[in-house]
Amino acid sequence: MNTKTIDIASLATRLDEAQCTVTDTPSLADTDDIGIDDAYRIQNELIGRRLARGESLVGVKLGFTSRAKMSQMGVSEVIVGRLTDEMRIDDGGEVKLSRFIHPKIEPEIAYRIARDIDPDDPMVDIESYVDSVAPAMEIIDSRYRDFRFTYTDVVADNTSAAGYVIGTWLKLQDVANRAVRLEVGAETVTGSTAAILGNPVRALHALLDISRRRKIPMRAGEVILAGAATAAIPLTAGTAQCDIAGLGRVTVKGIA
Ligand code: OOG
Ligand code: MG
């Protein structure tokens, strides 16, 4: 049995400082034997510090909903992280790359929550709590050296969340099997929304399940990022653009 006590507060401080000082840190797993419950506790503590600095919660994100991401990262379970207002970038807006350690960008589907969700209500039909969908991109910036982390590490690190940009909101619709294309400089990656658990709508159900277990509230107006449809590519100076068939384009400009 593992009896070593995990110092949640100091591990949260380590990750928070890594982000604030734009300096990577080794995998927590190198020195600490963290379970998944500890990992979500560290994430909570980390978010608590951001809120104490004046940020506010604006949504949630899922990770590892695609095989490409799972194999890119060598893990095999869906994870959830939190989005704050400080991570939001306007569609067509600019973002300073110096904010990040080693940013990557990935195509996402965003959903918008229309009504507060009571996770304790067993009758919640999550699809009826969502009213809009949009093309989106997420900037991930693991605080771990070389993006090397375990499943529990990445949960503790708020699932690498660092930034997000959302295109035009459209009325909720079926977004299964839509072609996805992400271009950053000379790099292009293509795929399909089918990579997101077979159909992005399944991400909503996976999220409800995990939010119940992890006591993560979801409120009207918040955003849900359903998880990347392709592997992430490095975010470099210049325009990054993502096109999702039938949903349109979303862009962001990285500034050196
Ligand atoms: C973890 C974040 C994963 C996604 O969409 O799968 C994620 C990482 O890859 O660093 O956001
Ligand atoms: Mg993502």
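## Ground rules

Residues are numbered from 1 along each chain as its sequence is written, while chains are lettered from A and ligands numbered from 1 in the order in which they are written. Because this is a predicted model, local features need pLDDT of at least 70 and side-chain atom pairs count only at pLDDT 80 or more, totals for chains, interfaces and linings use all residues, and side-chain values rest on heavy atoms, with hydrogens and water left out.

## The magnesium site

Let's start with the metal. Three glutamates, Glu106, Glu108 and Glu138, coordinate the magnesium ion (ligand 2) through OE atoms at 1.9 to 2.0 Å. Donors here are N, O and S atoms within 2.8 Å of the metal (3.2 Å for Na, K and Ca); water is not among the atoms, so sites may look incomplete. Along the chain, the donors follow the spacing E-x1-E-x29-E. Glu106 belongs to strand E5 (residues 104-113) and Glu138 to strand E6 (residues 130-140), so this pair ties together parts that are 32 residues apart in sequence. Helices (H or I, at least four residues) and strands (E, at least two) are DSSP runs, numbered from the N terminus.

Are these two glutamates, Glu106 and Glu138, buried or exposed? Glu106 counts as buried at 3% relative accessibility, and Glu138 counts as buried at 1%. The classes are buried under 20% relative accessible area, exposed over 50%, and partly exposed in between (1.4 Å probe, protein chains only).

Which residues come nearest to ligand 1? Of the 17 residues around ligand 1, they are Lys61, Phe64, Glu106, Ser160 and Ala228; a residue is near a molecule if one of its heavy atoms lies within 4 Å of it. Several polar pairs can be picked out here. A polar backbone atom of Phe64 is 2.8 Å from an oxygen atom of ligand 1. Glu138, a magnesium donor, places a polar side-chain atom 2.9 Å from a ligand 1 oxygen. For Ser160, an N or O atom in the side chain is 2.6 Å from an oxygen atom of ligand 1. Taken alone, ligand 1 exposes 320 Å², and the protein buries 100% of that; accessible areas come from the Shrake-Rupley method with a 1.4 Å probe, and for residues only the protein chains shown count as cover.

Where does ligand 1 sit? Its place is the largest cavity. On a 1 Å grid over the protein atoms alone, a cavity is a set of points where a 1.4 Å probe fits but cannot get out, and a molecule sits in one if more than half of its atoms lie within 2 Å of its grid points. The elements giving two or more residues to the shell around ligand 1 are strand E1 (57-63), helix H3 (67-73), E5 and E6. E1 provides the largest share of that shell, with 3 residues.

## Two residues with positive phi

Ser160, a residue with a side-chain contact to ligand 1, has a positive phi of about 65° although it is not a glycine. Ser160 is in the loop between helix H4 (151-156) and strand E7 (161-166), and is buried, with a relative accessible area of 3%.

Lys215 is likewise not a glycine, and its phi is near 55°, a positive value. This lysine is in the loop between helix H5 (201-214) and strand E11 (223-225). At 64% relative accessibility, Lys215 counts as exposed.

## Sequence distance and spatial distance

The loop between E5 and E6 holds Arg115 and also Pro122. Arg115 is partly exposed, with a relative accessible area of 40%. Pro122 counts as exposed at 67% relative accessibility, and its C-alpha is 43 Å from that of Leu97, 25 residues apart in sequence.

Helix H1 (residues 8-21) includes Ala18, and Ala12 lies in helix H1 as well. Ala12 is buried, with a relative accessible area of 0%, and Ala18 counts as buried at 4%. Ala12 and Arg49, 37 residues apart in sequence, have C-alpha atoms 8.8 Å apart. For Ala18 and Ile6, 12 residues apart along the chain, the C-alpha separation is 19 Å.

Notes: A polar contact is a pair of N or O atoms within 3.5 Å; within protein, one must be able to donate a hydrogen and the other to accept it, and residues adjacent in sequence count only if both atoms are side-chain atoms. On a 1 Å grid over the protein atoms alone, a cavity is a set of points where a 1.4 Å probe fits but cannot get out, and a pocket is an open set with protein on both sides within 12 Å along at least five of seven lines; lining residues have an atom within 4 Å of a point.
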